[in-house]
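Here are a few notes to read alongside the structure. Keep the viewer open and look up each spot as you go.

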Amino acid sequence: MSRSRLFAAFLVLALLLAGVGCDGEGGEGGGTESTSADELPDGFVVDEESAVELAVTGDGGGVGVATGDAYAAVYVPPGAAEDGATWQVTPLAEAPEGVQYPLCPGVYVDTQGEDPTDWCSIGFSLPGEASPNATIVKLADDGTVAEVVATTRMDYGGRTFLTAYVQGFSPYTTSEEDQAARDAAWVEQAQMKGQTPDWTIKVIGSETQSVQGWEFIYDLDIFASGGGVGMGGPYKGTCLLSMTGKYSEDLGIVQSLGDISGGVRDESFEFSVVDFELVNLLTGETGGEPTICSSGYISGEGFGNLNISATAPDVQGEYHSGPVSGGEPVRFQMRITGEDVQVEIENVGIFPGKILRTAR
């Protein structure tokens, strides 16, 4: 057996034992012109009966609406629009013919002639796992793609979530656009946001489990920065997931001892976070369990050791292996509510952390 496969077996063994113990951002949106229902060009077909009102208060506001098999949402943060304003969000009945690879019909937002004074956000929830090239796009008057918007993506729960920050509203939809166009959108957003603070996520915690004579201690340490206009966006940093286990079992005639250690060290840890306000609107999760805002893998350099011994009258056996390296990525899910962060690893535990603005 290769060293890589041996370490993977160690870590999988620990995760399986733990499971038994548990009872087996977007872009700028293309200018500041608002578009009302009466101003929409003839090439757009709308579903007026499904339009919803967005009531803006001093605390902001948000609303969602179905668009084909997808769902769209708009969120206005506090102070980004006049208190007492009433906007209207209307789904398009079909994607304009000028969009070559549409993924849903789309929506337009009527701001009643008053443009927002700060960044707002728009998002789409698409059924299934969308194309890797999926992104939010702004539509031109002729129904073609006017601008590819810097878009954050999360695949979760059998759906693809796309969210973005915009400075103004006009018809938007989702489309497949190539990597170069999507990368250029992020560069343009970075140039526009200027000194807008980025964000830092710090997670440090331990979980202890006792399973079938083993006591496992898991430690997680994450430090990453990213985001931009809001906390949504790509993040980069470092991550260390380590595990130690001790085994001691007296079976009368046979006494067994063992210890195991291993983990994954990811020096190029990358993941994306979608805006939790938009995800709340896109999923309807407005209370209770914190919203999942990121899902991905901890990968990188794996390491591990295993030592086991057993003794009985006139009999003694030992097994040692390590150090070994390699292994498989470990999946995580991240929940964010306000400044509070929770990182959950299945069969391991939940680790607490914080997300804070970082002035630059």
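**Notes on the predicted model**

1. Let's start inside. This is a predicted model, and in it Phe-269 has a relative accessible area of 0%, so it is buried. Phe-271 comes out at 6% relative accessibility and counts as buried too, because the cut-off is under 20%.

2. Now look at those two rings together. The centres of Phe-269 and Phe-271 lie 5.0 Å apart with the planes at 45°, so this pair is tilted. Both belong to one aromatic cluster, along with Tyr-235 and Phe-332.

3. How many aromatic pairs does a search of the whole structure find? There are 7. One of them joins Trp-87 and Phe-169: the ring centres are 5.7 Å apart and the planes sit at 70°, so the pair is edge-to-face. It links distant parts of the chain, with Trp-87 in strand 4 and Phe-169 in the loop between strand 10 and strand 11, 82 residues apart. Both residues are buried.

4. Next, find the open sheet: 5 strands, antiparallel, in the order 2-3-6-10-9. Strand 2 (61–67) and strand 9 (152–156) are at the edges with a single partner strand each, so one side of each has no neighbour in the sheet. From one strand to the next, the twist averages 15°.

5. Zoom in on strand 3 and strand 6, which pair over 5 bridges. Here Ala-73 has Gly-123 in strand 6 as its bridge partner. Helix 3 (residues 276–283) packs on the sheet, and its direction makes about 140° with that of strand 3.

6. Finally, step back: the chain has 3 helices and 21 strands, and 48% of its 360 residues count as buried.

Conventions
Residues numbered from 1 in each chain as written. Predicted model: local features only at pLDDT ≥ 70, side-chain atom pairs only at ≥ 80, totals over all residues. Heavy atoms only, no water. Pairing = 2+ DSSP bridges. Helix = DSSP H or I, 4+ residues; strand = E, 2+ residues; numbered from the N terminus. Axes fitted to C-alpha atoms, helices over the stretch in contact; angles between N-to-C directions. Contact = heavy atoms within 4.5 Å. Buried < 20%, exposed > 50% of the residue type's maximum accessible area, 1.4 Å probe, protein only. Phe/Tyr/Trp six-rings, centres within 6.5 Å; stacked < 30°, edge-to-face > 60°.
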